[in-house]
Amino acid sequence: MNTKYFFWMICSFLLFTGQLHAQYIKLDKNNFEPVNAFLTITKMENKTVIRAIKDAGITAVDEPTFIKLKDIDFTNGIIEVKVLSRLLKDAPDFARGFIGLAFRINDNNTKYESIYLRPVNARVDDQVRRNHSIQYYSYPDYKFDRLRKEAPERYESYADMEMNKWITMRIEVNGTHAKLFLNNNNQPALIVNDLKLGADKTGSVGLWVEVGTEGFFTDLKVTKQ
């Protein structure tokens, strides 16, 4: 191969990959805005982590209860983060260690997409509950209960995971499609082919928790396409 042509190909590849805009997010309070949640920066296993707890005053479920990343517009790309959930001492019986990500969050937090985990469900001796280990929902109109009623099994799935253990989440978003990969597996644990807010919505990324969860997040990376 001609040396100059080979050099041009390498430069073009580097330019293309650079356009993906990979960004490792510094876990600093100045980079985040708590929304109906409480934020603490702490240390776990010598790593800086975000600790998030839902505001108990928000009694409805599948609400905007997240730690929102400032100054980012995300439409398509990849969101990666490690999550760990514990049950609070006062967690209700129906708490499942709810923890996950919200994305394409609009400015006033009234619309967004979300995929979250229920780690408690993954290890119980009840197959139906196991099938509800992962959940997609779209705020405000398509919460989990509506989706489960109107399209059972389409927006939930099973994957093995544990409470009080780090779980790597990777969400790939493209148009109306989203795929969730767990713990660096090559195959997605959940596929959503019809994100309810449409293909062209853009917005921020949020670290999401629900009732009864003490949630921890680290190694947050956002790659925009």
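A salt bridge is a side-chain nitrogen of Lys or Arg within 4 Å of a carboxyl oxygen of Asp or Glu. In this predicted model, Lys47, Lys82 and Asp219 are linked in a network of such contacts. The whole structure holds 14 salt bridges.

- Glu214 and Arg51 form a salt bridge through their side chains, with an N to O distance of 2.7 Å. Glu214 belongs to strand 15 (residues 213-224) and Arg51 to strand 4 (residues 47-54), so this contact ties together parts 163 residues apart in sequence.
- Glu214 is buried, at 15% relative accessible area, whereas Arg51 is partly exposed, at 25%.
- Lys54 and Glu210 also form a salt bridge, their closest N and O atoms lying 2.9 Å apart. This pair links strand 4, which holds Lys54, with the loop between strand 14 and strand 15, which holds Glu210, across 156 residues.
- Lys54 is buried, with a relative accessible area of 9%, and Glu210 is buried at 2%.

**A salt bridge between Arg170 and Glu172**
- The closest N and O atoms of Glu172 and Arg170 are 3.0 Å apart in their salt bridge.
- Glu172 is partly exposed at 27% relative accessible area, and Arg170 is partly exposed at 27%.

**Strand 5 and its partners**
- Strand 5 (residues 66-69) is covered on both faces, with Phe66 and Lys68 buried on one side and Ile67 and Leu69 buried on the other.
- Strand 2 (residues 32-35) pairs antiparallel with strand 5 over four bridges, and Glu33 stands opposite Lys68.
- Strand 14 (residues 204-209) runs antiparallel to strand 5, joined by three bridges, and Leu207 stands opposite Ile67.

Notes. Residues are numbered from 1 along each chain as its sequence is written. This is a predicted model: local features need pLDDT of at least 70, side-chain atom pairs count only at pLDDT 80 or more; totals for chains, interfaces and linings use all residues. Side-chain values use heavy atoms; hydrogens and water are left out. Buried means under 20% relative accessible area, exposed over 50%, partly exposed in between (1.4 Å probe, protein chains only). Helices (H or I, at least four residues) and strands (E, at least two) are DSSP runs, numbered from the N terminus. Two strands pair if DSSP finds at least two bridges between them.
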